[in-house]
Amino acid sequence: MAYSDKVIDHYNNPRNVGSMPKDDPKVGTGMVGAPECGDVMRLQIRVNPETQVIEDAKFKTFGCGSAIASSSLATEWVKGRTVEDALHIKNTDIVRELSLPPVKIHCSVLAEDAIKAAIGDWKRKQGADEAQASAATASAKE
Amino acid sequence: MSVSSVASPACWNCGAPPGGGHFCIGCGKIQPLAAADGYFAFFGLPEKLDLDAADLDRRYLALSWKLHPDNFVRAEEFERNLSLDRSSVLNDAYRVLRDPVSRAEYLLARHGVRKEGQTKQQAPPELLEEVFELNESLEELRAARLSGDAAESAALGKRLEAAGRNFQAKLAEVDAELAAAFREWDAALDRSAGEDERARLMARMNEILNRRSYIRNLVAGVTHELDGAPDA
């Protein structure tokens with residue numbers, strides 16, 4: 001099976017490879033994997049708390065070329081979008097952009113899951129922060 | 001004894017009612033494969049997972065002898081083809097059922113619990129973390145080897161060996177878990193457990209198999225890396 005030019009491009013020049021501090025409250029981390037093929041993908045976003053815009057995204061993927069290309073593309077696409085907007089990225093968009101064959105569709109599903117997981121993690125942190133903040137104000141009132 | 005409840009057609013030769021076996025119960029002629037027959041039924045076995053390997057071997061040998069195309073050289077082309085069909089299914093069925101993992105995967109696929117590349121199956125987060133870290137170590141080791149940093153390579157090699165042992169132990173653990181799940185499944189069949197319980201047991205086996213496939217990949221990755229070491 002031949003990879004499309006876009007997959008090869010992302011594979012040879014992956015965008016936004018790297019990591020961000022997991023404990024940073026502005027950073028959301030999504031770690032997902034496909035047990036069937038043994039792939040594992042980590043996608044991280046850094047969100048501006050005022051604007052809710054994803055200002056930076058990093059990924060690291062251990063897996064096949066399509067998995068790497070899908071996550072590389074995902075980081076490109078989430079950057080500059082608001083969190084809510086990024087949730088609308090569908091795996092089918094990734095399939096189309098990279099011309100993934102049917103056997104590699106699960107790679108795009110993984111990338112979509114990684115975006116959702118990263119945003120979910122970030123949202124949890126915001127919730128936790130608010131809870132902490134209100135707990136702090138509550139104890140301050142006592 | 002047949003476990004298949006799906007009606008096969010009557011015998012093509014004598015019209016006797018289907019016996020579910022490889023040969024007609026009336027005239028003894030070889031029968032076409034019924035689409036619904038599975039690998040277990042092919043061997044005349046119930047869909048139990050903790051199967052006796054020696055018993056399977058015996059059944060395999062007996063059937064290969066009976067179904068072998070050499071027995072049909074003077075038969076009609078139709079019968080010769082049936083012998084070829086059945087012999088080829090026999091080999092597939094034996095290969096799949098002989099190995100415990102492929103046997104379980106087959107059972108789950110047959111019941112629609114496991115579909116390659118379609119169902120979303122999440123691994124437990126702590127395993128993903130571990131998998132990720134190990135992959136990073138593997139990558140570092142490769143990089144150190146490429147740059148020819150012997151001291152760094154040796155240190156990483158040690159770390160990988162430890163990780164390899166850890167994952168080997170995990171693999172053994174998962175295999176024990178799988179074996180226990182097999183016995184539970186067989187016991188559930190014995191007492192004709194309901195759909196819900198079967199579904200629950202199959203879901204659990206599926207989860208165990210997913211974890212296993214991750215760990216097996218890791219073990220393979222570590223072994224490959226350590227074997228490829230020039231002086232590890």
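Student: What distance should helix α5 of chain B span, and what separates its end C-alpha atoms?

Tutor: The model is a predicted one. Helix α5 of chain B covers residues 125–147, which is 23 residues.

Student: Which residue just after α5(B) takes a positive phi?

Tutor: Just after α5(B), a phi of about 75° is found at B:Gly148.

Student: Against which elements do the buried residues of α5(B) pack?

Tutor: The buried residues of α5(B) include B:Leu127, B:Val131, B:Leu134 and B:Leu138. An α-helix has 3.6 residues a turn, so residues three or four places apart point the same way. The buried residues of α5(B) pack against β1 (27–34), β2 (39–47) and β3 (54–62) of chain A, and, in chain B, against α6 (150–190) and α7 (195–227).

Student: Are α5(B) and α7(B) roughly parallel or roughly antiparallel?

Tutor: The axes of the two helices, α5(B) and α7(B), lie 11 Å apart at an angle of about 15°. Because angles under 35 degrees count as roughly parallel, α5(B) is to α7(B) roughly parallel.

Student: Which residues of α7(B) make the contact with α5(B)?

Tutor: The crossing of α5(B) past α7(B) is left-handed. From α5(B), the residues in contact include B:Leu128, B:Asn135 and B:Arg142. From α7(B), they are B:Arg211, B:Tyr214, B:Ile215, B:Leu218, B:Gly221, B:Val222 and B:Glu225.

How values were computed:
Residues are numbered from 1 along each chain as its sequence is written. Chains are lettered from A and ligands numbered from 1 in the order in which they are written. This is a predicted model: local features need pLDDT of at least 70, side-chain atom pairs count only at pLDDT 80 or more; totals for chains, interfaces and linings use all residues. Side-chain values use heavy atoms; hydrogens and water are left out. Helices (H or I, at least four residues) and strands (E, at least two) are DSSP runs, numbered from the N terminus. The expected span of a helix is 1.5 Å times one less than its number of residues. Buried means under 20% relative accessible area, exposed over 50%, partly exposed in between (1.4 Å probe, protein chains only). Contact means heavy atoms within 4.5 Å. Axes are lines fitted to C-alpha atoms, for helices over the stretch in contact, and angles run from 0 to 180 degrees between N-to-C directions. Angles under 35 degrees count as roughly parallel, over 145 as roughly antiparallel, 65 to 115 as roughly perpendicular and the rest as oblique. A crossing is left-handed if the near helix is turned anticlockwise from the far one by less than a right angle, and right-handed if clockwise.
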